[in-house]
Amino acid sequence: MRSVEEQQARVAAAAVAPRPVRVAIAEAQGLMCAEEVVTERPMPGFDQAAIDGYAVRSVDVLSAGDGDDPDDSGSGEISLPVMGSIEAGARTPSRLQPRQAARVQTGAPMPTLADAVLPLRWTDGGDNRVRVLRGVRSGAYVRRTGDDVQPGDVAVRAGTIIGAAQVGLLAAVGRDRVLVHPRPRLSVLCVGGELVDVSRTPGTGQVYDVNSYALAAAGRDAGAEVNRVGIVSTDPGELRETVEGQVNRNEIVVIAGAVGGTAAEGVRTVLSELGDMEVTRIAMHPGSVQGFGQLGREGVPVFLLPANPVSALVVFEVMVRPLIRLSLGKRAPMRRVVQARTLSPITSVAGRKGFLRGQLMRDQETGEYLVQALGGAPGSSTHLLATLAEANCLVVVPSDADQIRTGETVDVAFLAQRG
């Protein structure tokens, strides 16, 4: 029986990031930048007012105060004529004469000779003449040309995950498209003669196809571009054609319901014709029996997951999700893990690493993490999706432990937050 860590290492070795593509910056959020975005122009591209006020020459108003202490009103009273008003976006150049002021909006271009902006609150707000109550130093409340970025500066570096700030910076430097590592394409298939789609009414012996919907959602949550194929035929010819088509157009393929029973043996026989596929026992529960291989000419990673929806989701979380995150270029592909104190006993399977559903909370007074296990003990209903839907974490039980007592500390992996 192979350890969880050994299997994860085998899977991680198959991670291949898709070839970079150029996309609109509005579509780049969450993706890893694949180029050094070098700025061609300064930002801002001109001297501009940082606040609403009056553009002035600092030498003309400095005697109204010391220019450093806004509470110091100085001893001299200064009044300047207002030459006009400059709005943000104004394109006509303007020039300030000595001992003049110009009313300016935030973002407005500074007139020539002006080297400071006098805040409105330090004036009487006059339209034709303005009385100066405080002085300002040169450069006060002015955004100089290139203060943010100079030509030749790198705005976004290769390997950076593009977030809201990076999208804004790309827009600020005039880039409408950027080269990124795209989301890996993931295809989800399900096999099983008992399955019907949710659009149909199941007959005797039939159940809804849960896995293709749940696993497709898990793939999107992990950051993949998902194609939910749904239920596929186990006829050897049709199955081979379907799987081969998905392998040729995706970076990852997941097949649920292909690791147990006679039907699963037929599936594995077909897959073995397309490449190396191994079904083995992994020292974990639930979902110890699982398959992994690399099929097709490109050696595309293909996972075989259990038919049990809870087991399938747990295996996806432990094995498939990290591969998606690696393909996205994430430096930390695993979920965040914290230590929490148990609120009730937990029974696990000796010799297997447990990944059990749980509810994680935090003591408001001490800040300590607390966890309540929701199921997963031997003999319990591990198939119940209801408890998985209630869970916000997976309790990770070491393989050498079969009993965790109340009050003991365990590792807990955060699941995606709802809401």
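User: When does a charge count as sitting over a ring in this predicted model, and what places Arg-362 over the face of Tyr-369?

Analyst: A charge sits over a ring if NZ of Lys or CZ of Arg is within 6 Å of the ring centre and within 35 degrees of the ring normal. The model is predicted. In it, Arg-362 lies over the face of Tyr-369, at 4.2 Å from the ring centre, and the limit for that distance is 6 Å. Arg-228 likewise lies over the face of Tyr-213, at 3.9 Å from the ring centre.

User: Why is the pair of Tyr-369 and Phe-414 called edge-to-face?

Analyst: Two rings pair if their centres lie within 6.5 Å, and planes over 60 degrees apart count as edge-to-face. The search of the whole structure finds 3 aromatic pairs. One of them has Trp-122 and Tyr-141, with ring centres 6.1 Å apart and planes at 80°, so this pair is edge-to-face. Trp-122 belongs to the loop between S8 and S9, and Tyr-141 to the loop between S9 and S10, so the pair ties together parts that are 19 residues apart in sequence. For Tyr-369 and Phe-414, the centres are 6.1 Å apart and the planes at 80°, so that pair is edge-to-face as well. It links distant parts of the chain, with Tyr-369 in strand S25 and Phe-414 in strand S28, 45 residues apart. Tyr-369 and Phe-414 are both buried.

User: Which peptide bonds are cis, and where do their prolines lie?

Analyst: A cis bond joins Met-43 and Pro-44, with omega about -5°; Pro-44 is in the loop between strands S3 and S4. Another cis bond joins His-285 and Pro-286, with omega about 0°; Pro-286 is in the loop between strands S19 and S20.

User: What describes the crossing of H1 and H7?

Analyst: The axes of H1 and H7 come within 10 Å and cross at roughly 35°, and the crossing is right-handed. By class, their contact has 7 nonpolar, 2 polar and no charged residues.

Technical notes. Residues are numbered from 1 along each chain as its sequence is written. This is a predicted model: local features need pLDDT of at least 70, side-chain atom pairs count only at pLDDT 80 or more; totals for chains, interfaces and linings use all residues. Side-chain values use heavy atoms; hydrogens and water are left out. Axes are lines fitted to C-alpha atoms, for helices over the stretch in contact, and angles run from 0 to 180 degrees between N-to-C directions. Helices (H or I, at least four residues) and strands (E, at least two) are DSSP runs, numbered from the N terminus. A crossing is left-handed if the near helix is turned anticlockwise from the far one by less than a right angle, and right-handed if clockwise. Ala, Val, Leu, Ile, Met, Phe, Trp, Tyr, Cys and Pro count as nonpolar, Asp, Glu, Lys and Arg as charged, and the others, Gly among them, as polar. Rings of Phe, Tyr and Trp (its six-membered ring) pair if their centres lie within 6.5 Å; planes under 30 degrees apart count as stacked, over 60 as edge-to-face and the rest as tilted. Buried means under 20% relative accessible area, exposed over 50%, partly exposed in between (1.4 Å probe, protein chains only).
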